[in-house]
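Please look over the sequence and the structure shown below.

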Amino acid sequence: MSETSERVLEHIKFLNDQFEPTTEGVHTGSSLRVVVRTTPSGRVSVSGSVSYRVHRMRASGKVFRYWQTQQAFSLLRTKAGLVVLRVLEHSSRRNSTQHLFAGGELQLQGLLHRFLLDLLLNPIYHYGWNPQNIRVVEGPEVQNFAARLMQAQMTSVLRDLQSEILRLIGDLPIAADRFPLLEAVSPLRLAHSGQTHYLDATDFKAVAENVFGKSRYRRPLARETQRLTECMRANRDWRQSHDLSVLNWFRLFRGLVPIDWIIESMRRTETNHRIGLTPAELAQARALFRRVPQPILGRILAEPVAQSVRPIKNTVRDLGNSHLQLRDLGLLPELIKARGQRRIRDARDLEALVRSMPLTQLEDPRFTRSNRTVDVLSNEANALYHMNDYNQHIAQLENCDLPVATWEQWKDAEFREVAEKFLTEHRRELMTAQEREYQIHAERIRQERIAREKVRAAWAMDTAEKLHGVRVGEYGLIAAQSSDDLARWGSQLNNCIAGYADELGLDVFVGVLDGSGRVRLNIEINQERGICQFLGTNNRDAVKEMGKETAQQVLDAISGVGIPVGKHALGLRQLVLSAQDVVGA
């Protein structure tokens, strides 16, 4: 089996090696590479990228350079005969996709112009390179390469490159021929829409089948699709030029709810509404809906489209993107079960639930290595700053036994500890008497606070061990071990217990779990005040949440280990009033 062949269409590469070794972070070279690839099946694709050579210096003094891609593009013809242009910005990790139709040659020309004349020559204009220092490695040898006089020759290169790309890709399709139902829509407007379900469709039955599948097709689907399409074509607002239909919204529910629910929702949609979801956000919304029970999806469909779209858009933004997953969707079914499906009444409730999920920061493995490199360089720069500060103080002293530090010595933890101790003492000697007194006072307060927190932490650990695992009838007590526990309880109880994460380890937080594992109460216990909070769902009183008898049993179990009830405890008002009535009687 033959392999994919590759041929270089254009490669321009130039360098500037005249920077000082201590120069940090500048671009010392630029490269443009455009290649054409042909698969064994005969499909042709053209891709190109602009890369900059970055000049960096390690803290050890070692200079290194690496190539970093700034922007890239790809152009290919799909099996359906459409020409797709993708542009990727590596710095922001964002990409844009559009279709090219007849007349789109200007779009391709503008893209190549930006790559050749803006991105490629940007280091020259930005750093003001001397033309005599430029060394052309690949491409034409041109005098005064850095000057704008070369723009005339680059324009010739641009024209030849565009002609060759269009010859390889073939003729661009005519939008009106491939989208007969949208012939009134301009090709530029259609290029960004991504409405491929209208491709080669001559009637709205075919469009409905493309959107929802042939097995789910119903005649009312075709009628509603036609009605919504006519609303779209009647909308001439330029601000909605990238959004041709509301069908993408209903397509998110395909296969997740009965088709009759979708038909009813389409009937209630009187006019076309701008969805405003990018293709990446649509994919993220689909992944979200796959983990949401059907009754909740039915409530979201029952809302007006204009009311549901914005919360869902905000929700998928909070989930992150394909490069950095901010929240783990695998936890969503468990949280919905714990919260209760009936409590999620609309898209806004679903948005609030997702926002309450703990952050996970699941990073794309492709960027893990580069981010680790950035962290290493940042830590080295910080350590180098402290080493230079130490050496400056050593140079100012006449009689000092400590040596001037080198980078190899500074990497030694013992040497660095001695140096930092010396710097601390030296700075203290330079202080005035008032500053020294203030410093001593602040340090004494800090040590006292640390001592108090140690006592509180020891008490909290002992109290948590006493309460963890205690059974009260069919209920069990569990002590929070991490901020994730508080976040999960707050999500289940719909309260702000997750905001007390800073106090975890100093105060004791206890959850009361029923037989299904759902948290019914959250209890905060402080060493000095005793029980501070004794609250249920939506911060309800404990008696309203669990009943008077059960709440009293839980309170007795906690009081039994020597924990008093705070004077202004929240959630115990009815129990306290009942106890006062008994005493008065």
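Tyr390, Trp410, Phe415 and Phe422 form one aromatic cluster. Rings of Phe, Tyr and Trp (its six-membered ring) pair if their centres lie within 6.5 Å; planes under 30 degrees apart count as stacked, over 60 as edge-to-face and the rest as tilted. This is a predicted model, in which local features need pLDDT of at least 70 and side-chain atom pairs count only at pLDDT 80 or more, while totals for chains, interfaces and linings use all residues. Residues are numbered from 1 along each chain as its sequence is written, and side-chain values use heavy atoms, with hydrogens and water left out.

**Aromatic pairs**

The structure holds 11 aromatic pairs. The rings of Trp249 and Phe289 have planes at 85 degrees and centres 6.3 Å apart, so this pair is edge-to-face. Trp249 belongs to helix 8 (residues 247-251) and Phe289 to helix 10, so the pair ties together parts that are 40 residues apart in sequence. Helices (H or I, at least four residues) and strands (E, at least two) are DSSP runs, numbered from the N terminus. Trp249 is buried, with a relative accessible area of 1%, and Phe289 is buried at 0%. Buried here means under 20% relative accessible area, exposed over 50%, and partly exposed in between (1.4 Å probe, protein chains only).

Tyr390 and Phe415 also form an edge-to-face pair, with 6.2 Å centre to centre and 80 degrees between the planes. Tyr390 is in helix 15 (residues 365-396) and Phe415 in helix 17 (residues 413-430), so the pair links distant parts of the chain, 25 residues apart. Both Tyr390 and Phe415 are buried.

Two strands pair if DSSP finds at least two bridges between them. Within this sheet, Ala72 stands opposite Leu88 in strand 5.

Axes are lines fitted to C-alpha atoms, for helices over the stretch in contact, and angles run from 0 to 180 degrees between N-to-C directions. Contact means heavy atoms within 4.5 Å.

The other open sheet has 6 strands in the order 10-11-12-13-14-15, with mixed pairing. Its edge strands are strand 10 (471-472) and strand 15 (565-570), each of which pairs on one side only. Ile523 stands opposite Phe534 in strand 14. Helix 19 packs on this sheet, touching strand 11, strand 12 and strand 13. Helix 21 (residues 548-559) also packs on the sheet, touching strand 10, strand 11, strand 12, strand 13, strand 14 and strand 15.

| Elements | Value |
|---|---|
| Strand 4 (residues 63-77) and strand 5 (residues 83-89) | 7 bridges, antiparallel |
| Strand 13 and strand 14 | 5 bridges, antiparallel |
| Helix 19 and strand 13 | about 130 degrees between directions |
| Helix 21 and strand 14 | about 155 degrees between directions |

**Helix 19 and helix 13**

Helix 19 (residues 483-493) is mostly covered, with 8 of its 11 residues buried. These buried residues are Asp485, Leu486, Ala487, Trp489, Gly490, Ser491, Gln492 and Leu493. They pack against helix 13 (332-339), helix 14 (347-355), strand 11 (475-479), strand 12 (508-513) and strand 13 (519-526). After helix 19 comes Asn494, with a positive phi near 55 degrees.

In helix 13, the buried residues are Leu332, Leu335, Ile336, Ala338 and Arg339. Seen down the helix axis, they fall within an arc of 165 degrees, so they line one face of helix 13. The arc is that of the directions from the helix axis to the C-beta atoms. An α-helix has 3.6 residues a turn, so residues three or four places apart point the same way. The buried residues of helix 13 are covered by elements including helix 10 (279-289), helix 11 (294-302), helix 14 and helix 19. Helix 13 is followed by Gly340, which has a positive phi near 100 degrees.

**Asp541**

Asp541 sits in the loop between strand 14 (530-535) and helix 20 (542-546). At 13% relative accessibility, Asp541 counts as buried. Its side chain reaches the backbone nitrogen of Val543 at 3.0 Å. A polar contact is a pair of N or O atoms within 3.5 Å; within protein, one must be able to donate a hydrogen and the other to accept it, and residues adjacent in sequence count only if both atoms are side-chain atoms. Leaving aside neighbours within four places in sequence, Asp541 is in contact with Gly571, Leu572, Arg573 and Gln574.
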